[in-house]
Amino acid sequence: MIEELLPSGAVAEDTFTDATDNPASVLFPEEADRIARAVPRRQREYATVRVCARRALGRLGYAPVPLLSSKRGAPQWPDGVVGSMTHCQGYRAAVVARAGDLASVGIDAEPNGPLPDGVLDTIALPSEKEWIAALSAARPAVHWDRLLFSAKESVFKTWYPLTGLELDFDEAELTVDPVAGTFAARLLVPGPVVEGRRLDGFAGRWTVGNGLVVTAIALPLAPAPDEERGEEAYAHSPSGA
């Protein structure tokens, strides 16, 4: 499902079922230690998304290695690799790419259902609430508040490896194209510098299906020709893994 949102330089693996009922059997010892006290559901999703990630890395020619997370939950990839993981009820996915092909990547999957009460006020800017209301009336089959949350998660997962800094929900303003299946994030704080160019935002893609909302950003090393528009340009661009 996630692969339809990504360019050819990215390698994706996903699954709708857990890899095993015995997570320790597919984890490296140091990974198993990290989740030894977690509830069984968390252990299974942690293990399965790493199975996906190691399969994707194998397709790039990398041997299996432990995939630990930083304190912020960002996966620590082998040298020369950028990537992202996501997991939610009924779905796990990982995407990797060579650092020479993409600068960063961020993916997120969420159930296609309404956000819990009060969450939208925490994550959405006034302009975002306006388009959520309009699109919810026009296309109620998509839970646009959940799409906003997922897209902002993908923004953070793209941003964090480039900066090592937090990015609050109100520090990126998103717009969505409901027809093209794309979104644009305008950063409201100074953006990361990639290849000597400071980015003002990221652009991504989204899809809905199988009861899920899925978003992805694949950030190239250099902007495409039609993105050379100064401050108006967006380069193709938190839940822990």
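Predicted model: local features only at pLDDT ≥ 70, side-chain atom pairs only at ≥ 80, totals over all residues.
**Exercise 1: a serine in a strand**

Find where S84 is placed, and decide whether it is buried or exposed.

*Solution.* Start with the strand: S84 belongs to β2, which covers residues 81-88. Next, look at its relative accessible area, which is 2%. Buried means under 20%, so S84 is buried. Now follow the side chain of S84, which reaches the backbone nitrogen of I107 at 3.1 Å. Finally, look around it: leaving aside neighbours within four places in sequence, S84 is in contact with W77, A93, A94, V95, V105, G106, I107 and K157.

**Exercise 2: the largest nonpolar core**

Work out which residues of the largest nonpolar core touch the most other members, and which elements supply the core.

*Solution.* This core has 32 residues, and W144, V155, L174, F183 and F202 touch the most other members. Then turn to the elements: α4, α5, β5, β6, β9 and β10 each supply at least two residues of the core. The largest share, nine residues, comes from α5. Now take L174 as an example. Beyond its neighbours within four places in sequence, L174 is in contact with E128, W131, L148, A151, K152, V155, F183, A184 and A185. Another core lies apart from this one; it has 20 residues, including I2, V105, L212 and A216.

**Exercise 3: rings and a charge**

Find which ring the charged end of R50 sits over, then give the count of aromatic pairs.

*Solution.* Begin at R50: its charged end sits over the ring of Y46, 3.6 Å from the ring centre. For the second step, pair rings whose centres lie within 6.5 Å. The count comes to four aromatic pairs.

Conventions. Residues numbered from 1 in each chain as written. Heavy atoms only, no water. Phe/Tyr/Trp six-rings, centres within 6.5 Å; stacked < 30°, edge-to-face > 60°. Lys NZ or Arg CZ within 6 Å of the ring centre and 35° of its normal. Core = buried A, V, L, I, M, F, W, Y, C linked by side-chain atoms within 4.5 Å. Buried < 20%, exposed > 50% of the residue type's maximum accessible area, 1.4 Å probe, protein only. Helix = DSSP H or I, 4+ residues; strand = E, 2+ residues; numbered from the N terminus. Contact = heavy atoms within 4.5 Å. Polar contact = N/O pair within 3.5 Å; in protein donor to acceptor, adjacent residues only side chain to side chain.
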